[in-house]
Amino acid sequence: MAPLKQQERRLKRLGQAELDDMLVRHARFRSGKLGGARAVLSFLDLSWLDLRGADLTDADLTGSVLARAVLDGAALNHASLFAADLSGASLNGATLAKADLRGALLRGASLVEANLVDADLRESNLAERGELDRDLHWLEIGPTVSHLQQADFTAANLSRARCAGAICVNANFSDAILCDTQLVRCNLRGANFSGANMAGADLSWSSLEKANLRNALLSGITLRMTELGGADTRGVLTDNPVGRSLEDLDDPLNAKIVEHAVWVESGSAAGRQLDITGCDMRPAGALARVELTAAIAPGTTWCAMDLTGARLGASRLHDADFRFAVLRDADLRGADLRRCKLRNACLAGANLRALVLGSGRTLATRLGGADLAYADLRGADLRGADLSAADLAHAELDGCDLRGADLTAATLPD
């Protein structure tokens, strides 16, 4: 075989009208209608074009140029973006689950709240066979490593993404989900991971010099030969206990929860009320549908825990840390959640309306000063809740009932 050689390729420029026609035919192909055809947009110049909201699932965009293109809300699941140029492109809210982004150029791209679960961003090269022979040669379409310099992944989901060898200098991963993400041999110098959930991430042989890791969740991460010189690690949450350990309780937690359930069912006539003030609850694992009504739990840590359907009505939870926790369909009526950290928490379908007490009295759910930025509140019931001075920036509020809620001085989504 002849030695591999590099070769430049002149890309054909596609107009907006021609692109729109291809998108319509791809939509027909996806829905199984007549006249449909899979979008093959490989090695085309699509820079500055408008693809917002387009369904490009399974599309072939290998080696294409999408510099400064608008792909906000686009569906690119399973799409091939191998060696594609997405520099400066806007992909806010786009879905790129299991997309092939090996060797892609994402310098300065915006992927705020994008879904890149299981995406492949590893280093790679692009080759093809010659026209007159069977030799392979490199195509000089873009860099052989994925370039993510200054890309904005704020609140994006990169769980299980493979980014080995990527260059991510000064990239923004604040509030992002990077659970079990492979960041081996990456240049992450100056990257911003503030508030990110990096549980289980592998950062072996990577450089995080001068990176911002403030308030990041770093449980279960791998730091083999990782350079952390000058990194800001203030407020990071590791596997070490925060506050009281569950082992410091006078009885095992499970036994105390059983006693508390008896206390609730008997109207405080039997059993014992649960008091876990200041405890780090993470070692307890999943506590879905647990009975914790009227529990005493201020200053507790519940980060990234599964509390689906948990009964926490009238509980004292002020100053607790629920970042990235799942509280879907939970009962939080009348709970004291003042100043709680609920950033990136899932509260979809949760009941946070006032709790009706005896004699017609009500106890409002208190969320004054709570941090609910990027929280999922879709379908949640917040009627009559106190949300004064709460931070709801970028929160998902579709179907959320806020009738009668106190929103004085609250920060609301745009």
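# A guided tour of the predicted chain

Of the 414 residues in the chain, buried residues make up 50%; buried means under 20% relative accessible area, exposed over 50%, and partly exposed in between, with a 1.4 Å probe and protein chains only. This is a predicted model, in which local features need pLDDT of at least 70 and side-chain atom pairs count only at pLDDT 80 or more, while totals for chains, interfaces and linings use all residues. Residues are numbered from 1 along each chain as its sequence is written, and side-chain values use heavy atoms, with hydrogens and water left out.

**The whole chain.** Begin with the C-alpha trace, which spans about 90 × 50 × 35 Å along its principal axes. Next, display the secondary structure: the chain has 2 helices and 7 strands. Helices (H or I, at least four residues) and strands (E, at least two) are DSSP runs, numbered from the N terminus. Read from that end, the elements follow the order β-β-α-β-β-β-α-β-β.

**Confidence.** Colour the chain by pLDDT, the predictor's confidence in each residue, from 0 to 100. The mean for the chain is 92, and 93% of its residues reach 70 or more. A contact means heavy atoms within 4.5 Å. Then select residues 136–143, where pLDDT also stays under 50 and the model has 36 contacts beyond four places in sequence. Where pLDDT is low, the predicted coordinates should not be read in detail.

**Helix α1.** Go to H26, which lies in helix α1 (residues 16–31). Is H26 buried or exposed? H26 has a relative accessible area of 0%, so it counts as buried. Its side chain reaches the backbone oxygen of T57 at 3.0 Å. Leaving out residues up to four places away in sequence, H26 touches A37, R38, A39, D55, L56, T57 and A59.

**The loop between β3 and β4.** Select A84, found in the loop between β3 (44–45) and β4 (127–129). A84 is buried because its relative accessible area is 1%. Residues up to four places away in sequence aside, A84 touches L61, G63, S64, A104 and L105. Now move to S87, which lies in the loop between β3 and β4. S87 is buried, with a relative accessible area of 18%. Apart from neighbours within four places in sequence, S87 is in contact with A67, R68, L105, L106 and R107.

**The largest pocket.** Which residues are the closest to the centre of the largest pocket? Select N157, I177, N344, Y374 and D376, the closest of the 28 residues that line the pocket. By class, this lining has 15 nonpolar, 7 polar and 6 charged residues. Ala, Val, Leu, Ile, Met, Phe, Trp, Tyr, Cys and Pro count as nonpolar, Asp, Glu, Lys and Arg as charged, and the others, Gly among them, as polar.

Notes. 1 Å grid on protein atoms, 1.4 Å probe; cavity = no way out; pocket = protein on both sides within 12 Å on 5 of 7 lines; lining within 4 Å. Polar contact = N/O pair within 3.5 Å; in protein donor to acceptor, adjacent residues only side chain to side chain.
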